[in-house]
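This report describes selected features of a predicted model. The account begins with strand pairing and then turns to helix packing and the ligand site.

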Amino acid sequence: MLHDPRFPNLFILDHPLIQHKLTHMRMKDTSTRTFRQLLREITQLMGYEITRDLPLTTQRIETPIQSMDAPIIAGRKLAIVPVLRAGIGMSDGLLDLIPSARVGHIGVYRDPETLEPVEYLVRLPDLAERTFILCDPMVATGNSAVYAVNVLKQRGVTDAQIIFLALVAAPEGVKVFQDAHPHVKLYVAGLDNRLDEHAYIVPGLGDAGDRIFGTK
Ligand code: URA
């Protein structure tokens with residue numbers, strides 16, 4: 001895991017498989033089908049890393065041979081919350097790993113004029129003692145990511161209960177995110193160079209939603 005001294009709560013997952021798959025996702029000729037599949041696979045690998053610290057307890061079980069106290073994840077409940085629409089491409093991979101997780105949705109789009117987030121849907125599971133994994137592939141301006149965390153915090157979810165999982169971030173967006181939510185951990189596969197004049201990440205991978213869903 002890499003750290004950038006500018007961003008204390010940013011974690012860059014530099015596992016070779018994650019980096020290799022991200023490179024293929026960046027290629028402009030990668031098909032929709034392959035892009036979607038790679039995003040699912042990367043999210044599984046990232047999910048493996050970010051759940052590393054989930055607390056374990058033990059349960060008394062019977063194997064065919066004898067009884068034992070076997071490790072299981074402690075009562076902590078998880079919720080996966082994709083930021084629509086591109087976040088959906090990541091929630092499938094997370095659900096492969098954590099099939100019993102609840103799933104919420106936060107629908108936000110970026111106003112093309114102001115670049116500010118506009119909310120159109122929020123549906124969340126009950127909030128008690130859950131860890132929320134918010135997911136959205138691109139942290140560009142950071143405004144949608146900040147907004148999504150605000151949605152949870154306004155309902156009483158604490159910083160420590162929230163993990164934000166993205167694929168690629170721009171430094172500008174990470175700064176905005178960190179200034180707004182300095183204690184929320186942000187995990188990415190790549191920290192790119194900058195935003196362009198249309199708020200696309202450079203070099204990035206283009207419009208993640210369009211590439212996942214095959215739209216233009
Ligand atoms: N959203 C995307 O999908 N791609 C970008 O580069 C920036 C925002």
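Val108 stands opposite Glu119 in strand S8. Strand S8 covers residues 117-123 and runs antiparallel to S7, to which it is joined by 6 bridges. The hairpin of S7 and S8 has 6 residues between the strands, and Leu115 takes a positive phi near 65° there. Strand S7 also pairs with strand S5, in the parallel sense. In that pairing, Gly107 of S7 is the bridge partner of Leu84. The two pairings of S7 are set out below.

| Strand pair | Sense | Bridges |
|---|---|---|
| S5 (residues 77-84) and S7 (residues 105-110) | parallel | 2 bridges |
| S7 and S8 (residues 117-123) | antiparallel | 6 bridges |

Helix packing is considered next. The axes of helix H4 (residues 143-154) and helix H5 (residues 171-180) come within 8 Å and cross at roughly 25°. Since angles under 35 degrees count as roughly parallel, H4 and H5 are therefore roughly parallel to each other. Their crossing is right-handed. On the H4 side the contact involves Asn143, Ala145 and Val146, which meet Gly173, Val176, Phe177 and Ala180 in H5. By class, this contact of H4 with H5 has 5 nonpolar, 2 polar and no charged residues.

The remaining feature is the ligand site. The ligand is surrounded by Ala86, Met138, Ala140, Ala199, Tyr200, Ile201, Gly204, Asp207, Ala208 and Gly209. By class, the shell around the ligand has 7 nonpolar, 2 polar and 1 charged residues.

Methods
Residues numbered from 1 in each chain as written. Predicted model: local features only at pLDDT ≥ 70, side-chain atom pairs only at ≥ 80, totals over all residues. Axes fitted to C-alpha atoms, helices over the stretch in contact; angles between N-to-C directions. Helix = DSSP H or I, 4+ residues; strand = E, 2+ residues; numbered from the N terminus. Parallel < 35°, antiparallel > 145°, perpendicular 65-115°, else oblique. Left-handed = near helix turned anticlockwise from the far one by under 90°. Contact = placed C-beta atoms within 7 Å. Nonpolar A, V, L, I, M, F, W, Y, C, P; charged D, E, K, R; others polar. Near = placed C-beta within 6 Å. Pairing = 2+ DSSP bridges.
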